[in-house]
Amino acid sequence: MSDERDATAIVWFRRDLRVHDQPIFDAAAARARRSLAVFVLDPRLLEPSGKARRTFLYRSLRDLDESLGGRLLVVKGDPAEAIPKLAGAVGAGSVHVAADFGPYGRERDEAVEKALDGVELVRTGSPYAVAPGRITKSDGSPYKVYTPFSRAWTQHGWRAPAETDASTVDWMDPGEKDGGPRAVKVPDDESPDADLPAAGEQAARDQWAAFVDEHLDDYDDLRNRPDRPATSRMSVYLKYGVVHPRTLLADVGGSGTGPTSYRNEICFRDFYAAVLWFFPRSARENFDTKFDRITLDSGKSADEKFRAWQEGRTGFPAIDAAMRQLRGEAWMHNRMRMAVASFLVKDLHLPWWWGARHFMELLVDGDLASNQHGWQWAAGTGTDAAPYFRVFNPVTQGERFDPQGDYVRRWVPELADVDGKKVHQPWKLGEPPSDYPAPIVDHKTERQEALARFNAL
Ligand SMILES: Cc1cc2nc3c(=O)[nH]c(=O)nc-3n(C[C@H](O)[C@H](O)[C@H](O)COP(=O)(O)OP(=O)(O)OC[C@H]3O[C@@H](n4cnc5c(N)ncnc54)[C@H](O)[C@@H]3O)c2cc1C
């Protein structure tokens with residue numbers, strides 16, 4: 001029987017740096033006898049990424065290259081030029097990708113599709129359990145509230161993982177290409193100060209297996225505790241598609257509170273991606289435009305307060321611990337992301353997008369949809385946000401979720417000798433540590449100020 005497939009295809013990796021559960025491999029193998037594996041270092045994505053994310057990306061690319069037997073071609077430049085030239089250089093009949101739903105990714109893919117001029121761009125799957133745009137109300141309009149979205153999401157369901165590995169595709173040696181953009185080496189690590197998680201598919205799977213074994217059942221009870229290793233730490237692997245959410249969901253069976261709560265969080269990720277798909281302006285502007293009129297601080301004193309927040313010198317131990325965790329690990333616990341965001345917006349009266357930008361610069365899991373909407377949630381400006389008048393108390397957040405003060409002592413060495421929960425209010429100690437700052441604001445006063453500004457809208 002003759003093989004009617006094309007001679008070659010391109011598999012273009014983007015946010016799916018893995019070989020397992022990879023539906024684009026099946027699509028490429030069905031279409032062509034051999035495929036060229038490609039990653040394009042795109043300056044428009046690399047520049048705003050920050051050192052931690054770039055370093056993690058480079059490490060993930062090295063791991064992927066190893067899984068592919070050294071046959072990952074890395075090139076640099078604008079994908080709308082590089083991909084069509086590569087398709088020409090190997091005579092590809094199709095280019096296979098997982099669909100990208102972010103504002104830049106979608107524009108880029110349309111430009112690539114146009115420039116491919118007849119070579120088909122085949123989109124198979126997405127980085128989400130359910131692709132953005134698929135879940136709508138019965139009249140076709142988007143959900144703006146999480147709970148009904150999550151009900152529809154659960155009812156819709158998701159596919160089982162695709163059974164692929166590196167051998168699903170017959171990989172072409174990049175040395176065989178005839179012309180086109182030249183191969184570049186994966187850049188060296190940028191030596192970020194942060195202690196990053198191990199990169200690569202095996203590391204992701206090991207971390208996941210340990211979480212399922214040790215923490216999944218207690219996830220609902222302990223997920224708000226920054227002092228415990230109780231969450232999955234999958235966000236960075238999901239960000240780069242080192243693991244697919246479908247793979248995780250397949251393991252999270254059952255109706256116990258732990259598994260149910262975990263599925264809800266994966267659903268939040270899909271929800272925010274869907275909001276960004278339907279309302280791309282929400283990445284940059286208040287979703288609720290009423291807040292365009294709220295009074296925000298600016299000037300020298302605002303800049304100084306912002307710097308104190310960034311550097312973990314606000315004098316509120318839980319806030320400072322979290323901001324230092326962000327620098328130390330390029331990651332922050334979810335409860336503390338909410339607390340520091342509320343503090344920036346409602347205690348310091350600064351724009352949420354200042355904080356969101358700082359997060360995107362430092363977070364190794366920095367993701368436009370989850371980050372911007374997480375910020376808008378905390379600021380009260382988002383789709384389904386915490387009401388603006390609900391202001392987190394930075395001291396009680398610490399006392400409640402870090403009850404023995406271990407989290408603070410881990411990240412704020414100036415307070416390492418203060419016992420128990422007293423660490424959350426060092427100003428009440430007989431002799432407060434002289435090298436730790438006094439609170440930069442009075443929470444009660446600033447809470448009233450935030451409410452007054454809100455009521456003036
Ligand atoms: C202000 C703010 C900014 C945030 N910025 C980001 C970001 O840039 N990138 C990012 O991945 N998450 C972000 N989040 C969501 C959440 O804090 C992280 O996903 C979570 O802390 C990652 O740790 P984990 O993998 O151990 O989470 P787990 O508790 O183990 O959760 C499992 C997975 O569910 C998803 N998830 C959990 N909570 C949320 C949530 N609130 N929104 C969307 N997805 C969620 C993540 O993919 C996570 O990996 C932000 C939240 C807030 C409040």
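In this predicted model, five strands form an open sheet with parallel pairing, arranged in the order S3-S2-S1-S4-S5, where strands are DSSP runs of E of at least two residues, helices are runs of H or I of at least four, and both are numbered from the N terminus. Two strands count as paired if DSSP finds at least two bridges between them. Strand S3 (72–76) and strand S5 (120–123) stand at the edges with a single partner strand each, so one side of each is left without a neighbour in the sheet. Neighbouring strands are turned by 30 degrees against each other on average, direction ignored. Residues are numbered from 1 along each chain as its sequence is written. Local features need pLDDT of at least 70 and side-chain atom pairs count only at pLDDT 80 or more, whereas totals for chains, interfaces and linings use all residues.

Within the sheet, strand S1 (residues 6–13) pairs with strand S4 (residues 94–97) in the parallel sense over two bridges, and Val11 stands opposite His96 in S4. Helix H4 (residues 79–90) packs on the sheet, where it touches S1, S2, S3 and S4, a contact being two residues whose C-beta atoms, placed from the backbone, lie within 7 Å.

Around the ligand there are 27 residues, the closest being Thr231, Ser232, Asn334, Asn371 and Gly374; a residue is near the molecule if its C-beta atom, placed from the backbone, lies within 6 Å of it. Helix H9 (235–239), helix H11 (257–278), helix H14 (334–347) and helix H16 (368–379) are the elements that give two or more residues to this shell.

Methods: Axes are lines fitted to C-alpha atoms, for helices over the stretch in contact, and angles run from 0 to 180 degrees between N-to-C directions.
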